[in-house]
Amino acid sequence: MRSVVRLCLVCSRHRKDLFTSFRARTLFSNVGRGSRNQEGDGSDKLLNVSGMRKPYKGKQEVFDVGDLVAKEPFGQFTAWFEEAKNTDGIMEANAMAIATATKDGKPSVRMVLMKGIDKKGIVFYTNYGSRKAQELEENPFASLLFYLSTNSETSTISRQIRIEGRVERVSEAESTQYFHSRPRTSQMGAVVSQQSTLIKNREELDKRNQELLDKYEGNDIPIPKPDYWGGFRVVPNRFEFWQGQTNRLHDRIVFRKPEEGEKVDPNFTHTGEEGWVYERLMP
């Protein structure tokens, strides 16, 4: 009887060792692989992000046409921008994504900084040899996106402002004036960088920058603005103001310039100011 008991204990330990070894092999064989799709379709996922979500505004805090502070989009933009600029947690309210496309429709997008705005449009500066500049030269239309979001103890903002329009260069005088308003190190950076072109390594970039530092640091010699650097202005024909709602019934109000001869439905389209109309969109 004792022999049988000892045999059972040995078998039990042996099964446990086998299970542990098998489980370890299974875990290690999956290292580097994505988690299996929860729907069981056999595809691999790099990250499981399906459950990531944050609360936005509640239904008592909707943004509707009656909440507009202006009947034209520049006034509404100014109100939202000023609020974001003075809100903790929003580091650069003037940061915006700009999407451009080649003449055959291949898109690209990147972040830039808005450096001017008036009723003529929104201005940013770049190297005229960069990819975005080249795309704007052959296809002079762009879309902008300001993402204004923070969830702190003092405030919650969940907003986007989308802007679309044609693009034009600002004047050489305007570009030169802004160039010389920048810190001298930023002026040097604009001179050094042949944006979007290949460079061998970081050391080569630092070497070129050091050459300019040696020339201009510690003196008041003006740094000439290079011909390949300047500004673009996005002349808007459409603004969309978006405010997030936790239940995903987001608020979307669009200002646009109507097409010539367009007949609008007053049940949906409101007459604004300065040639703009505004409408509410489904989320």
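What is the relative accessible area of Glu262, and how does the residue count on that basis?

Analyst: Glu262 has a relative accessible area of 32% and is partly exposed; buried is under 20%, exposed over 50% and partly exposed in between, with a 1.4 Å probe and protein chains only. The model is predicted, so local features need pLDDT of at least 70 and side-chain atom pairs pLDDT 80 or more, while totals for chains, interfaces and linings use all residues. Residues are numbered from 1 along each chain as its sequence is written, and side-chain values use heavy atoms, without hydrogens and water.

The partner of Glu262 is Arg256, in a salt bridge with an N to O distance of 2.7 Å (a side-chain nitrogen of Lys or Arg within 4 Å of a carboxyl oxygen of Asp or Glu). Elsewhere, salt bridges with shared partners connect Arg162, Glu164, Glu240 and Arg252 in one network.

The structure has 18 salt bridges. In the one between Glu240 and Arg162, the closest N and O atoms are 3.2 Å apart. Glu240 belongs to strand 9 (residues 229-243) and Arg162 to strand 8 (residues 156-169), so the pair ties together parts 78 residues apart in sequence. Strands (E, at least two residues) and helices (H or I, at least four) are DSSP runs numbered from the N terminus. Glu240 is buried at 3% relative accessible area, and Arg162 is partly exposed at 32%. Arg166 and Glu168 form another salt bridge, at 3.1 Å from N to O. Arg166 is partly exposed, with a relative accessible area of 42%, and Glu168 is partly exposed at 29%.

Gly244 sits in the loop between strand 9 and strand 10 (251-256). Its relative accessibility is 0%, so it counts as buried. The C-alpha atom of Gly244 is 5.4 Å from that of Ser158, although the two residues are 86 apart along the chain.

Gln76, in helix 2 (residues 73-85), is also buried, with a relative accessible area of 1%. Its side chain reaches the backbone nitrogen of Val69 at 2.8 Å. Leaving aside residues up to four places away in sequence, Gln76 touches Phe63, Leu68, Val69, Ala70 and Phe241, where a contact means heavy atoms within 4.5 Å.

Leu47, in the loop between strand 2 (44-45) and helix 2, counts as exposed at 64% relative accessibility.

As for confidence, the mean pLDDT of the chain is 87, and 83% of its residues reach 70 or more; pLDDT is the predictor's confidence in each residue, from 0 to 100. Residues 1-11 have pLDDT below 50, and this stretch has zero contacts in the model beyond near neighbours in sequence. Residues 18-38 also stay under 50, with 14 contacts beyond four places in sequence. Where pLDDT is low, the predicted coordinates should not be read in detail.

Terms used
Polar contact = N/O pair within 3.5 Å; in protein donor to acceptor, adjacent residues only side chain to side chain.
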